[in-house]
Amino acid sequence: MNYGFIRTAAASLKIKVADVDYNVKEIKKAVDEAVKEDIRLLVTPELSVTGYTCADLFFNKSLLDKSDKAVLELAEYTKDKNIVVLIGAPCSYLNKLYNCAFVLSGGRVSGIVPKQYIANYNEFYEKRWFDTATYLGDCYIEKFNAAMSVNSIFMIADDVYLGVEICEDLWVPNPPSSSKVLAGANIIANLSASDEYVSKAQYRKDLVSNQSARCICGYVYAGASVYESTTDLVFSGATLIAENGAVIAQGKRFSRDNVITVADIDVEKLNALRRKNMSFENNQLACVINPAVTDNKNNDLKYRYVDPYPFVPSLEEDRKQRCEEIFNIQAAGLAKRIEHVGSKGAVVGISGGLDSTLALLVCAQAMKLLGRDNSEIMGITMPGFGTTDRTYNNAVELMKSLGVTVKEISIKDACIQHLKDIEHNENLRDITYENTQARERTQILFDMANKHGKLLVGTGDLSELAMGWCTYNGDHMSMYGVNASVPKTLVRYLVEYVANISEKKTADILFDILDTPVSPELLPPDENGEIAQKTEDNIGPYELHDFFLYNFIRFGFSKEKLLILAIKAFDGKYDRKTVEKWLDLFVKRFFISQFKRSCVPDSPKVGSVSLSPRGDWRMPSDASYNAFV
């Protein structure tokens with residue numbers, strides 16, 4: 001299986017300007033290297049056969065004849081090779097010369113795509129040699145036995161459709177790639193010769209990444225190397241591969257050797273995003289050509305970085321900005337709801353754990369936005385059978401440090417009485433024993449909110465909703481849930497973000513909470529007074545479940561693909577058997593827990609993955625998981 005990936009490469013090559021024979025040898029070297037690496041699509045720079053900077057030599061018949069023969073020679077070189085190769089060369093037609101990309105595969109020229117927008121400003125003078133293909137109809141080039149068309153789309157593997165544009169085409173207001181993706185292309189190749197000057201490299205990178213985002217496509221960009229003429233310009237050999245807004249591979253610029261930048265593009269992911277995006281419509285016809293590779297097996301993901309923490313930016317500054325944005329969204333949503341219902345404040349249950357801590361911090365920020373005092377927040381700690389000194393003390397001290405109104409209501413006696421009422425042995429510490437406590441706490445919170453005219457703020461997070469790790473009509477319920485689209489792997493970074501901008505006393509408490517194991521504390525502590533019931537011992541690591549959740553919801557990946565991605569992402573941390581164990585559990589719990597998600601309270605969406613039944617995730621509560629496990 002290839003799990004929906006296609007291995008692509010952008011090459012910047014050593015050339016000699018106007019020395020076609022030399023350039024052909026270098027292109028063949030690149031093809032050989034690509035074949036060894038199981039690359040299925042190799043893109044070389046603009047006019048890679050002749051060199052981009054030949055200038056008036058393009059008028060010379062000897063150069064053009066050499067170029068034509070080289071194209072056919074390189075096409076023949078792809079015979080019996082499982083690869084599609086794009087080269088750049090001039091193509092004469094009806095007394096005009098066109099700057100073209102040649103698509104080579106299976107020993108022949110599969111198609112020719114001419115450049116539509118000819119750069120002719122500042123340092124560029126292309127219209128002196130080449131004609132624009134914008135108004136050129138589809139035509140047949142007999143010497144190459146191939147069609148030349150700006151509308152061609154190339155099916156290079158199952159569900160992989162390639163569109164081609166050349167350099168300047170990307171820099172115009174309406175790039176040809178925009179039309180090509182609407183005609184079905186999900187990968188765009190750009191053969192380019194873009195010179196360098198201060199700040200251009202970043203602008204070019206932004207262009208490539210932004211176009212891949214707008215078009216929901218993979219984008220393979222190959223730029224001319226330092227071996228182009230330096231009479232007036234210097235080229236750097238920029239090579240970039242982007243996928244839906246992210247640059248996933250980038251080659252070294254100004255190299256004096258051949259550079260081949262490789263990445264495994266996830267076409268299945270791109271197709272899934274397009275199916276979800278109803279603004280993305282296939283509304284134009286195209287000429288589809290089939291230079292398909294014979295075998296797209298690619299399951300080693302050698303050139304694919306798989307992020308183990310898709311919800312959490314890896315760079316500290318990016319993570320800080322993400323947390324600041326999410327925290328502001330949460331607080332703004334809560335402030336609006338408090339204001340709208342005319343609430344006298346907020347009620348929140350404080351356990352000393354991460355989720356309730358984040359909810360309390362959001363409440364405090366909402367009060368700040370409303371210009372109201374934190375004393376209008378009622379924090380209620382409700383010690384039960386499993387409450388430890390550490391979490392209890394952290395809960396109380398945090399509330400005091402924030403200046404909220406502190407209430408302590410023990411649930412032990414009420415739960416004992418309730419267990420007697422339902423004829424349940426209090427020494428039988430099963431799910432009934434646990435849920436009795438969760439529902440008792442929720443009842444207290446709702447009743448206190450009613451009594452004091454305040455809004456009950458929910459604390460449960462996205463990961464708990466995904467796994468169903470919440471008590472139905474217990475911590476599952478509130479009047480507004482501020483954490484419902486925040487995954488567990490991100491909760492701790494949000495708390496850490498607030499800790500870093502808080503005064504020392506509050507910060508010290510927050511850092512100790514960050515150090516506390518995740519637990520609902522519904523079972524008694526161990527003999528040392530420590531937390532005995534650790535969530536991840538029961539349902540598995542949240543970092544794995546968040547990984548599964550993101551890729552399952554966002555892209556609709558199969559269990560097999562989730563497995564192979566997780567093994568790659570967590571290599572050295574979890575073995576295959578462990579990943580399979582928790583993946584099985586994730587899928588089953590996700591399906592059987594939908595009924596809990598079908599009736600969750602209102603909550604603000606903060607990221608691309610949310611399980612709100614009103615917007616992001618609609619699923620039958622009784623859907624079978626058999627086909628998914």
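User: What is a nonpolar core, and which residues touch the most other members in the largest one here?

Analyst: A nonpolar core is a set of buried Ala, Val, Leu, Ile, Met, Phe, Trp, Tyr and Cys residues joined through side-chain atoms within 4.5 Å. Buried means under 20% relative accessible area, exposed over 50%, and partly exposed in between (1.4 Å probe, protein chains only). In soluble globular proteins, nonpolar side chains tend to be buried together. This is a predicted model, where local features need pLDDT of at least 70 and side-chain atom pairs count only at pLDDT 80 or more, while totals for chains, interfaces and linings use all residues. Residues are numbered from 1 along each chain as its sequence is written, and side-chain values use heavy atoms, with hydrogens and water left out. Here the largest nonpolar core has 135 residues, and Leu 86, Leu 334, Leu 549 and Phe 590 touch the most other members. Helix H7 (residues 354–370) gives the most to this core, with ten residues. There's also a second, separate core of 54 residues, with Ala 9, Val 31, Ile 39 and Trp 129 among them.

User: What is Leu 549 in contact with, beyond its neighbours within four places in sequence?

Analyst: Contact means heavy atoms within 4.5 Å. Leu 549 is in contact with Phe 311, Leu 462, Ala 466, Arg 554, Phe 586, Phe 590, Val 609 and Leu 611.

User: How do I read a helix pair, and at what angle do the axes of H15 and H17 cross?

Analyst: Two packed helices are described by the angle between their axes and the distance between the axes. Helices (H or I, at least four residues) and strands (E, at least two) are DSSP runs, numbered from the N terminus. Axes are lines fitted to C-alpha atoms, for helices over the stretch in contact, with angles from 0 to 180 degrees between N-to-C directions. The axes of H15 (residues 542–555) and H17 (residues 576–592) come within 10 Å and cross at roughly 60°. Under 35 degrees counts as roughly parallel, over 145 as roughly antiparallel, 65 to 115 as roughly perpendicular and the rest as oblique, so H15 and H17 are oblique to each other. Leu 549 of H15 turns up again in this contact, along with Phe 548 and Phe 552, while the H17 side includes Trp 582, Phe 586 and Phe 590.

User: Where does Asp 80 lie, and is Asp 80 buried or exposed?

Analyst: Asp 80 lies in the loop between helix H2 (61–77) and strand S3 (84–93). Asp 80 is exposed, at 77% relative accessible area. Its phi is near 65°, a positive value in a residue other than glycine. Asn 95, in the loop between S3 and strand S4 (96–105), has a positive phi too, near 70°, and is exposed at 84% relative accessibility.
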